[in-house]
Amino acid sequence: SFQYCLSGHPTLPCNVLKFKSTTIMLDCGLDMTSTLNFLPLPLVQSPRLSKLPGWVLKDGSTFLDKELKECSGHVFVDSVPEFCLPETELLDLSTVDVILISNYHCMMALPYITEYTGFTGTVYATEPTVQIGRLLMEELVNSIERVPKAQSASMWKNKEVQRLLPAPLKDAVEVSMWRKCYTMPEVNAALSKIQLVGYSQKIELFGAVQVTPLSSGYALGSSNWIIQSHYEKVSYVSGSSLLTTHPQPMDQASLKNSDVLILTGLTQIPTANPDGMVAEFCSNLAMTVRNGGNVLVPCYPSGVIYDLLECLYQYIDSAGLSNVPFYFISPVANSSLEFSQIFAEWLCHNKQTKVYLPEPPFPHAELIQTNKLKHYPSIHGDFSNDFKQPCVVFTGHPSLRFGDVVHFMELWGKSSLNTVIFTEPDFSYLDALAPYQPLAMKCVYCPIDTRLNFIQVSKLLKEVQPLHVVCPEQYTQPPPTQSHRTDLMIDCQPPAMSYRRAEVLTLPYKRRYEKIEIVPELADLLVPLEIKPGISLATVSAVLHTKDNKHVLQLPPKPPQPPTGKKRKRVSDDVPECKPLKPLLSGSIPVDQFVQTLEKHGFSDVKVEDTAKGHIVLLQEAETLIQIEEDSTHIICDNDEPLRVKLRDLVLKFLQKF
Amino acid sequence: MTRECSVLLPRVCAALADPRQPGSDDTCLEKLLDWFRLLAKFDPSVELLQNNPCLAEFITAVLALPEPSPSILSFTLRLAGILAALENRFQHLQQEQLLVRLFGRDGPLNSMLWKDASVRSGWVHGVHSMMHHQPALHLLCHTGGLDVIFSLQGDPSLFVASAANQLLVDMLILSVETEMTKPASTKDCDWPACAQMIIKHIEDSLQSSSASHIEQSLKLLTSLFGSCRAPWTEVLWLGVAKQIESFLMEETVQAQHMLANLLLKMAWSPVFCDSEGSFWTLVASALEHLTPVQAGPLAVGLLKLYKCPQDVRIQALTVLLQPMDCILRAASQPLEYAGLLDESVGDPITVEGLLSSKSSCASLLCQTLAHLEELLSQSRFQVDLPCASLLHSLMTILQLCNGLLSPASALGSTIGRVLINCFRVQSSALDVLAALSDRKGCDTLIESLFDVLLAYLDSPNTSPTVLKKAFQATSKWLVRLQELSCSNTQRQQAEKILEDVFLVLQKRLCSPCWEVRDSSLEFLTDLIKCLRDQEEFRQSLLSSEVPRLTENLLEDPESYVRASAVTAMGHLAFITYFAPESPVLGNQYNKENTVAKLQEILSTDPEGFPRRAVISIFTEWLSQGCTGPLEDTGQFVSRVIQTVEHDLDWEVRLGGLELIQDFCHQTFCQLGLPECPDDPVSSAVTGSIHGSESLRIFCRAKLFRFLFRSLCDCDKTLGQRACHILLNLSNNFYPLGTPKDLDKTVDLPAGCSIAWLERTLRQGSLAQNFPTDGVDFEDPESMMLALGTIDLLQLYDELNKSSDHVEKSPQSLLQDILATVGTMEENEADCY
């Protein structure tokens, strides 16, 4: 088995597993950090952004000044933002049979794979994953298409030119692979290839492999996957959480007895405890609002926002913030809030029971009813009429490069009363803020990442005890900025195998067995012979029939009928010829008794020598040697066939035949 | 014994000895024993038994029962022991061999009932009570009782085992002190027979291979040396010293953990601590050979001991500081910091091993830190600790715990890995840090210390309990910082630190976790209390958002938080509007607003805590003279007590009384009346004028209504307090020597309202009769009359009697026991 690693991002994985005779892609995450190199796309003409000076090389050349702009010492590409796709050269992606999606954040590259590579297989994902994934894609496409850019920069990508650029552009990897965002038709086409699955549902792939999604506890519909044959089991753990938030809890028990456990999608902020961060979020929000400022929360339209709204629901009254409006602005805000309420079966137990009360599982319904939370598809339209300050705005995109958030950054950035609170851990907040500098508004970084941390991983591994662990290389060493924190890495025995982008890994287990079925008629013919207590053997002559990776022993064909009629005998190449089989032997030869028998049969000068593996019986007169070892017996005599046969028969007396 | 009791007692005894009776309630039996204990103590004669023959008859009757209940048997054993504590009573009981039959070979200890732990316990306690004279000692020794006690040392019931152990100690002391003919000496020691047997038992057990026997003897020696400081203990010790010393060296015997305690008890005994002999060598050897966890309690005990020799003291300090030293060395560059201890002292390998193991690191550190805190907070005898290094080590621990320190050595990384997010160690370290703030010599590190503290205050990973500790340490060190700020640079540095603290505090005041909001407010109150005179502090505080956020929290949904916010606001008032140079602030900060707000809480808050906080803040304001001139204060007090008078929470009402007490005190002080009634300078001159003036003020403030009403409050504490205040007032208005009844007519007409008041008070039914139509509590003359007529002293005595003084009497107890019997008799009758 091989694993092809197509993504270098540990939380946005894309791996291809060659397992038995199937090719399975595990997730197709899209690395969007590349967009941080681009200028934001403002919804409303921004004088500040449009006045940014073009970038001039040290030698004074200005040929890049249309493509690159300078802002507070950083250089940005003035073009439609582009994304870094998973590796496409490592293997022919058209050979991928299936794609397994573990959560909606890990499917954002799907259209690039299904629509550009000749992919003809099936994608498996749970319903909430597909629905919320669709929302995320829709929001992404919408945010970018809303602000058409006349130009698209490509000159800077030239290897020679890139070398001259300042960091981080200079160091950006695989810029030639960066692609513009897909379109809605491509999204629809990609999603149409998805087949919906439920937790613990067993899906057969070509008879050889069975895949099963398990609840991973991280997000609505998020799953880990079990990929197994009869004798091998690979677990794919991606984005899991043991915290009690809204989704169904993680199913750990089913991960036991894995030969290999592929571990990705751990928390990106291992030092931050999510509870502490939520408290930090609430404190900073309250402090800003009480001081008369506005709070901006750049976020995805689904996921942590549900938990944040739930916390705020409990907190705002106690903090005296009941009169402060909360706005949720996203083209998919409405669908996201509504979807979350209908996926009852995918929710944690507490929330599931509410459905029968009947009460909406999430309290944001009540926030909406009481007008404390209002949602809008965009800042245009109704929102501009209702907008009151001070307020709290939740909007995307967390990269601050596109979406309605760009407008609020421009609007509120100049006042130190306002605060932007980063809760999504996917982007460095300092990089995200770079094109808005100098910035007066306060910035608070409260990344809330509920995925497994290293302590939880260590407990999980102790619990499920996989034979081997495979993980991205980032998890096998402490984070680069905190090299002394040796507690922030995976610690297991044997040490985890690590992989990096564009690497092919041989998975560390051997195929040893295949399961073969015997047809009943053939089984009837077997005559087992007990050779040791509890162990019986039988010989079988049959035809092995292999189809769709299923192996069946069938009755051997009857001996060919004598040709009837005068038809020319056809070459019967499709029926293998069956020769009568020699019997098999078992048992061991007790040397003393054997020697006695030899003497009884007239061999007088028998000598026995011990060897490392057994004995040699010498018949000096006959110049013959009988070599008895554990699994073989040789009679070595000089062209005396009758003697050999005689000796053979004597040996056979001590063995069982069947 | 009262006559009533002696009449009841025979019936009670008969009932208890009656096997048909249901087992009497154990608490009754215990109370009965308590009563007998008192009787036996106060009547040291044989008459108790002679006058109450029913007692001996009771014992005889129980002994005659074929199957007494275990609880009655146990009771009988203990009763007999209590009675036999006096030699003549012992003899009296022995006339009928009662004690031999109870405690001897053929008594309960040979019956099936011995299996019951309560019987064994009764036996041990009975013997113990009796063990005050030689006859008792002989009775036991001659009837083989000692062997029984030896075996009870290992009793499965821990209570029995420990009582047996203590009994042996007391028997040994009794035997030596009453039977020894000449003083003990090492060369020729003639122990009395009983002592001889016990000592031999101790020696044999120590030499046995049984760990439990060794442990029992060590326990025995520990309690012996702990309770007896006679010179003969040294002779006894010399007989076992070698054996005990060997326990230190042999790891096969698991007795080390008990040695620390034994040696500590010995060190406190003048017999050993003053000796020139080998005792201190043994202690030194114990400090060396015991594991750090075992040696820690010994070390800290020795350090608290004034008489400990200097070299042992240094060694104990080394044991205690070694983990801290190890942390310091492991975390810093080799040459950067010398460590806490000389390298030559001690072997750090064991400590290093313990610190790098996940299972032992936190517990060793927590123990060490607890010991250090104990030493630091000891005010009587200060132990000289290397404070600067200790502080450095504490900071290192705290930084390892939050992952902010990258240690230089492999050991450091291992320890760091173990300590990450360890809340227990964090809180203990912060406790020591707080205690260290009083010591001198740490000042150079103060800036980096605040970096560490601020990191804790700011980090979202800090747990609420750790945060509270961090707040406590910060407030202590902020006080120290202010004391140190002399130069301009230091002042700027302090200002910067304060600014950072308030920034963090702002955030914490908005926390969604109520515990955090609460401890933030407590921290603020603490700071104001300590630093309100510092100009820099006031400036920093008032220029931050903290005061406004604090005011917001007066409306917090959590009552504890509201209470803390009230206290904080109350103290904040000392710097905002009560300070002479009170800065000009926005409208929302004016005094009237705050007072109105607090009064609103006092009258409307549904929970008790905030209301209690308001009343105590008002009292605080009053006692610090912040409530303005007397006239205003009177109005203020009047408003407040009218609100609290009807409060459902008794603590709030009590707070009201405290306010009145302070108000009275202040009034007397301001009007120049001697408050102390015994003051001879009193009266004649000032009495009439100021007396009537203050009485007028009190009446106008409507104090008396509340005071008299409180006399009959269903919570007695209030009655006592109100009575105390009234007594004080009465003494002030009728100074010593002015006969109260001379001023007014002695006999009040029956219809007079004060006479009614007096009557009602005597019946204790004032509370039901309120409001009282006839009494005018605002009329100075009536009140003067009331203070003069009502016997407040008698009322005070009545109130001081505990409410169950009737139920607690022995008579009532005896009646109770008979009552249960009575019901049985009735039931019996029903059956026929």
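1. First, a term: a residue is called buried when its relative accessible area is under 20%, exposed when it is over 50%, and partly exposed in between (1.4 Å probe, protein chains only). Helices (H or I, at least four residues) and strands (E, at least two) are DSSP runs, numbered from the N terminus. This is a predicted model, where local features need pLDDT of at least 70 and side-chain atom pairs count only at pLDDT 80 or more, while totals for chains, interfaces and linings use all residues. Residues are numbered from 1 along each chain as its sequence is written, chains are lettered from A in the order in which they are written, and side-chain values use heavy atoms, without hydrogens and water.

2. Chain B has 44 helices and zero strands, and 53% of its 832 residues count as buried. Have a look at helix 17 (residues 279-289) of chain B: eight of its 11 residues are buried, so the rest of the structure largely encloses it. Among them are B:Phe279, B:Trp280 and B:Leu282.

3. Now the interface. Chain B puts 22 residues into the contact and chain A puts in 21 residues. Together they bury about 1900 Å², with 54% of that on carbon and sulfur atoms; buried area here is the accessible area (1.4 Å probe) that two parts lose on being put together, summed over both.

4. Two salt bridges are counted between chain B and chain A, the rule being a side-chain nitrogen of Lys or Arg within 4 Å of a carboxyl oxygen of Asp or Glu. One of them pairs B:Lys507 with A:Glu280, closest N and O atoms 2.5 Å apart. B:Lys507 is buried at a relative accessible area of 6%, and A:Glu280 is buried too, at 11%.

5. Within chain B, B:Arg612 and B:Glu651 meet in a salt bridge (3.2 Å, N to O). B:Arg612 sits in helix 33 and B:Glu651 in helix 35 of chain B, 39 residues apart. B:Arg612 is partly exposed at 25% relative accessible area, as is B:Glu651 at 34%.

6. The side chains of B:Arg700 and B:Glu631 also form a salt bridge (2.5 Å, N to O). B:Arg700 is in helix 36 and B:Glu631 in helix 34 of chain B, so this pair ties together parts 69 residues apart in sequence. B:Arg700 is partly exposed at 39%, and B:Glu631 is partly exposed at 42%.

How values were computed. Contact means heavy atoms within 4.5 Å.
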